[in-house]
Amino acid sequence: MARKKIALIGSGMIGGTLAHLAAKAEMGDVVLFDIAEGMPQGKALDLSQCGPVEGFDAKITGTNDYADLAGADVVIVTAGVPRKPGMSRDDLLGINLSVMKAVGEGIKNNCPNAFVICITNPLDAMVWALREFSGLPHNMVVGMAGVLDSARFATFLAWEFDCSVKDVNAFVLGGHGDTMVPVLSYSTINGIPVKDMAKIKGIPESRLDEIVARTRAGGGEIVGLLKTGSAYYAPATSAISMAQAYLGDQKRILPCASYVEGKYGVDGLYVGVPTRIGAGGTEDVIEIELSDEEANNLKVSVDAVEELLDACRGLDASL
Ligand code: TXD
């Protein structure tokens, strides 16, 4: 059987890390694509030379030509620009929307059977736009944010409870960003509800609130420390886990920005929800029961996504 093909559109900080992780895990051959000339080729060469040391045979190539993406099984999209000083959110939205248009057409024309994972911000709007521009079925286009957000939540909980991260199951719903909804009632330490664990350990609820707040601001905390650019190690490894769930038909239940229609009171947009990923792409969205407060928080998050989609429609008449 031929090796799988993993195409990475955008070869910046996350793209390069994705290529390394995918090659090391022998997920398949890797193609790095970017509009910057030479950069994906340079990264591909550098990464290829990890092979003899790390013992992987995956072929890694760099390109500026969409035709080289032909036949990709998985596409992970990080193409776009981050916000620079003086730029409004709308400026960023406009630029990345046009990037999604080019990327969506590139996918449609070269690898329409791929499972597409979008990472570009503002995530929930960009995954929606990418799906619209590519014309792929909704179950084959998904956004990565929840795996990262819940990994951040899990990290902070493990630190607080002084336990292994392996035993923490942290649950996050909603959009990526300030409006995400970390759901404590579904978060456990190996089955023990987090709130019960806090009582056992004598940790006040206010401390849990601080952890929730830190999770919500998790991306910004890293941006503040790095000074240039944003997080890339954890975002990359999070997207890899989603790609592996698809390629291995693992039926994992992961928090993803999935297309929701008729669940959670949402009708036809992408938002972070527990999703089963297997060979059929996003095969199922699981609708859990929420407290009034959680449902309200989710609504705020969905409204914020809706607002961004309206802004996208205002910027591109074809949407
Ligand atoms: O949870 C999440 N979803 C995220 C999202 C977590 C962290 C970062 N998140 C977002 O991912 C971030 O706000 C950015 O929108 C993306 C990518 O982050 P990265 O750190 O990898 O950004 P870089 O290093 O700037 O890389 C972007 C690359 C860069 O090499 C550009 O030349 C390229 O995108 N680019 C393009 N590639 C192809 N086609 C077009 N049109 C294009 N435009 C720019």
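Residues are numbered from 1 along each chain as its sequence is written, and side-chain values use heavy atoms, with hydrogens and water left out. As the model is predicted, local features need pLDDT of at least 70 and side-chain atom pairs count only at pLDDT 80 or more, while totals for chains, interfaces and linings use all residues.

**Ligand site**

The shell around the ligand holds 23 residues, and Met13, Ile14, Asp34, Ile119 and Met144 come nearest; a residue is near the ligand if one of its heavy atoms lies within 4 Å of it. By class the shell has 14 nonpolar, 8 polar and 1 charged residues. Here Ala, Val, Leu, Ile, Met, Phe, Trp, Tyr, Cys and Pro count as nonpolar, Asp, Glu, Lys and Arg as charged, and the others, Gly among them, as polar. The ligand lies between domain 1 (5-143) and domain 2 (146-313), because both give residues to its shell; the domain bounds come from an automatic or database domain assignment.

| Residue | Part of the residue | Ligand atom | Distance |
|---|---|---|---|
| Asp34 | side-chain N or O | oxygen | 2.6 Å |
| Ile119 | backbone N or O | nitrogen | 3.0 Å |
| Asn121 | side-chain N or O | oxygen | 3.0 Å |

On its own the ligand has 870 Å² of accessible area (Shrake-Rupley method, 1.4 Å probe), and the protein covers 86% of that area.

**Cavity and pocket**

Both are found on a 1 Å grid over the protein atoms alone: a cavity is a set of points where a 1.4 Å probe fits but cannot get out, and a pocket is an open set with protein on both sides within 12 Å along at least five of seven lines. Lining residues have an atom within 4 Å of a point. Grid points are joined across faces, edges and corners, and a volume is the space filled by probe spheres set on the points.

There is 1 cavity of 30 Å³ or more, and the largest cavity has a volume of about 50 Å³. Its lining has 13 residues, with Ala145, Gly146, Gly174, Gly175 and Gly272 closest to the centre. Helices H5 (123-134) and H6 (146-161) and strands E8 (172-173) and E12 (252-263) each give two or more residues to this lining; helices (H or I, at least four residues) and strands (E, at least two) are DSSP runs, numbered from the N terminus.

The second largest pocket has a volume of about 350 Å³. Of its 16 lining residues, Ser150, Arg252, Ile253, Leu254 and Pro255 lie nearest its centre. H6, helix H10 (233-247) and E12 each supply at least two residues of that lining.

**Backbone**

Most residues other than glycine have a negative phi, and most peptide bonds are trans. Asn121 and Pro122 are joined by a cis peptide bond with omega of about -10°, and Pro122 lies in the loop between strand E5 (115-118) and H5. Asp162 has a positive phi, near 55°, and is found in the loop between H6 and strand E7 (168-169).

Definitions and conventions:
Polar contact = N/O pair within 3.5 Å; in protein donor to acceptor, adjacent residues only side chain to side chain.
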